[in-house]
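Here is a short briefing on one structure. The points are grouped by topic.

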Amino acid sequence: MLRFASLGSGSKGNATVVAAGDTVVLIDCGFSLRETRRRLALLGLQPEQLTAILVTHEHSDHSAGVSRLARQCNIPVYLTQGTWNSGRLEGCPEVVCFNCEHRFQIGHLEVEAVAVPHDAREPCQFRLHHAGRSVGVLTDLGSVTSHVVERFRGCDALVLEFNHDLEMLHSGSYPAALKRRVAGDWGHLNNQQAAALLQQLGMEKLQHLVVAHISENNNCLQRAASALAAVYGPLDERVVFAAQDRGFDWLRLAAVAGQGQPLQ
Ligand SMILES: [Zn+2]
Ligand SMILES: [Zn+2]
């Protein structure tokens with residue numbers, strides 16, 4: 001059984017948990033140690049249970065809590081060389097640099113890292129596989145590349161960034177340079193870009209779709225939902241909206257019959 005949940009999603013902090021059996025991986029940690037403990041507890045987890053922390057990139061909403069958590073609980077941290085070179089993850093007790101070209105195994109999970117266009121040193125996003133199922137976590141990209149489409153096609157579950165509404169961003173209070181950054185090819189996906197990407201990826205296999213990394217200043221649930229509905233049709237129980245203050249609760253993917261060992 002592949003399962004996943006979030007501690008929080010948005011520009012004030014991100015952390016996603018993906019688990020299979022006793023393998024529990026945290027993707028990013030943008031929260032303080034105390035807040036991370038509190039939020040993990042809401043999901044029935046303690047930091048000591050984490051097998052590894054995967055880091056997508058060095059922006060503080062993804063990296064701020066990583067090294068302290070890793071140090072306190074002695075958890076290995078996996079990242080790209082570029083993310084490591086940013087100097088933002090210093091103090092981690094054990095660092096493993098991976099190459100986005102090669103999949104690797106952490107316990108029961110197979111990790112596929114996918115390079116994405118975003119304004120960081122060597123950013124990537126993840127697709128995690130277990131027993132014939134996969135969950136994709138795809139936030140923090142400014143544009144859609146054919147590489148991204150190819151690598152995230154056919155996920156059984158997807159956490160996808162619907163960052164901003166273009167009109168709200170333009171009419172909002174951000175300084176002009178920041179507006180250009182957010183809307184640019186190395187910034188974040190707007191609602192329409194995310195919906196178009198979803199259409200390209202295909203939705204037939206999706207058991208869960210999480211609308212994530214929603215900007216609190218430049219987006220609202222109604223606009224994200226209507227952009228999504230334009231390609232998805234009426235939203236149903238498969239669609240979940242991730243929140244900054246509480247992420248989302250556990251979602252589960254049953255193993256494909258006959259694949260993988262039975263896990264509790
Ligand atoms: Zn972010
Ligand atoms: Zn970022």
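Strand β8 is largely enclosed by the rest of the structure, because five of its seven residues are buried. This is a predicted model.

**Strand β8 and its partners**

- β8 pairs with β7 (residues 104-106) in the antiparallel sense, over three bridges.
- Within that pairing, I106 has L109 of β8 as its bridge partner.
- The hairpin of β7 and β8 has two residues between the strands. G107 takes a positive phi there, near 55 degrees.
- β8 and β9 also run antiparallel, joined by six bridges.
- Across from E110 stands H129 in β9.
- Strands of a sheet pair through backbone hydrogen bonds, either parallel or antiparallel.

**Zinc ion (ligand 2)**

- Which residues coordinate the zinc ion (ligand 2)? They are H57 (NE2), H59 (ND1), H118 (NE2) and D140 (OD), at 2.2 to 2.4 Å.
- Along the chain, the donors of the zinc ion (ligand 2) follow the spacing H-x1-H-x58-H-x21-D.
- The arrangement around the zinc ion (ligand 2) is irregular, because its four donor atoms subtend angles of 91 to 172 degrees.
- H118 and D140 link distant parts of the chain, 22 residues apart. H118 sits in the loop between β8 (109-115) and β9 (124-130). D140 sits in the loop between β10 (133-138) and α5 (146-152).
- Both H118 and D140 are buried.

**Zinc ion (ligand 1)**

- The zinc ion (ligand 1) has D61 (OD), H62 (NE2), D140 (OD) and H213 (NE2) as its protein donors. They lie 2.1 to 2.2 Å from the zinc ion (ligand 1).
- The donor spacing for the zinc ion (ligand 1) reads D-H-x77-D-x72-H along the chain.
- Why does the arrangement around the zinc ion (ligand 1) count as irregular? The four donor atoms subtend angles of 90 to 156 degrees, which makes it so.
- For four tetrahedral donors, the ideal angle at a metal is 109.5 degrees.
- D61 and H62 are both buried.

- D140 bridges the zinc ion (ligand 2) and the zinc ion (ligand 1). The two ions are 3.6 Å apart.
- D140 counts as buried because its relative accessibility is 1%.
- Phi of D140 is positive, near 60 degrees, in a residue other than glycine.
- At 1% relative accessibility, H213 counts as buried.
- Most residues other than glycine have a negative phi.

**The seven-stranded open sheet**

- Seven strands form an open sheet with mixed pairing, in the order β6-β5-β4-β3-β2-β1-β14.
- β6 (95-97) and β14 (248-253) stand at the edges. Each has a single partner strand, so one side of each is left without a neighbour in the sheet.
- On average, neighbouring strands of this sheet are turned by 20 degrees against each other, direction ignored.
- β2 (residues 15-20) pairs with β3 (residues 23-27) in the antiparallel sense over five bridges.
- In that pair, A19 stands opposite V24 in β3.
- Helix α3 (residues 66-73) packs on the sheet and touches β3, β4 (52-54) and β5 (77-79). The direction of α3 makes about 170 degrees with that of β4.

**Cysteines**

- How many disulfides does a search of the whole structure find? The search finds zero.
- A disulfide is a covalent bond between the sulfur atoms of two cysteines.
- For C29, the closest cysteine sulfur is in C73, 10 Å away and therefore too far for a bond.
- C29 is buried, with a relative accessible area of 0%.
- For C97, the closest cysteine sulfur is in C92, 10 Å away, which is too far for a bond.
- C97 is partly exposed, with a relative accessible area of 34%.

Definitions and conventions
Residues numbered from 1 in each chain as written. Chains lettered and ligands numbered in written order. Predicted model: local features only at pLDDT ≥ 70, side-chain atom pairs only at ≥ 80, totals over all residues. Heavy atoms only, no water. Donors = N, O, S within 2.8 Å, 3.2 Å for Na, K, Ca; no water. Tetrahedral: all angles 85-135°; square planar, octahedral: opposite > 155°, others 65-115°. Buried < 20%, exposed > 50% of the residue type's maximum accessible area, 1.4 Å probe, protein only. Pairing = 2+ DSSP bridges. Helix = DSSP H or I, 4+ residues; strand = E, 2+ residues; numbered from the N terminus. Axes fitted to C-alpha atoms, helices over the stretch in contact; angles between N-to-C directions. Contact = heavy atoms within 4.5 Å. Disulfide = S-S within 2.5 Å.
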